[in-house]
Amino acid sequence: MSAAAQAAFESADGPRFPVADPDDLAEHYWNTFTKRDRVEQFHPESMTPQATA
């Protein structure tokens, strides 16, 4: 992401979302595709929904 795009993103009012490194995200997608041991994976892990009691 360019510095100008990053600045525009950070200065915008509204909800804040984590920004994932594209290389890291691609690795997660590739592992999900090749291993076929899960149907989805939250990234970053902090975005994993919490179970409610």
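Visitor: Why does Trp 30 count as exposed?

Guide: This is a predicted model, by the way. Trp 30 has 54% relative accessibility, and exposed means over 50%, so Trp 30 counts as exposed.

Visitor: And what makes Phe 33 partly exposed?

Guide: Phe 33 comes out at 48% relative accessibility. Buried would need under 20%, exposed over 50%, so Phe 33 lands in between and counts as partly exposed. Across the 53 residues of the protein, 2% count as buried.

Visitor: Why are Trp 30 and Phe 33 called a tilted aromatic pair?

Guide: Two checks here. Their ring centres are 5.8 Å apart, and rings pair if the centres lie within 6.5 Å. Their planes make an angle of 40°; under 30 degrees would be stacked and over 60 edge-to-face, so this pair is tilted. A search of the whole structure turns up one aromatic pair.

Visitor: Where do Trp 30 and Phe 33 sit along helix H2?

Guide: They're three residues apart in H2, which covers residues 22-35, so about one helical turn separates them. An α-helix has 3.6 residues a turn, so residues three or four places apart point the same way.

Visitor: How do you know that the length of H2 agrees with what it should span?

Guide: With 14 residues at 1.5 Å a residue, H2 should span 20 Å. Its end C-alpha atoms are 20 Å apart, so the two agree.

Visitor: What sits over the ring of Phe 33?

Guide: The charged end of Arg 36, 4.9 Å from the ring centre; the distance cut-off is within 6 Å.

Key: Residues are numbered from 1 along each chain as its sequence is written. This is a predicted model: local features need pLDDT of at least 70, side-chain atom pairs count only at pLDDT 80 or more; totals for chains, interfaces and linings use all residues. Side-chain values use heavy atoms; hydrogens and water are left out. Buried means under 20% relative accessible area, exposed over 50%, partly exposed in between (1.4 Å probe, protein chains only). Rings of Phe, Tyr and Trp (its six-membered ring) pair if their centres lie within 6.5 Å; planes under 30 degrees apart count as stacked, over 60 as edge-to-face and the rest as tilted. Helices (H or I, at least four residues) and strands (E, at least two) are DSSP runs, numbered from the N terminus. A charge sits over a ring if NZ of Lys or CZ of Arg is within 6 Å of the ring centre and within 35 degrees of the ring normal. The expected span of a helix is 1.5 Å times one less than its number of residues.
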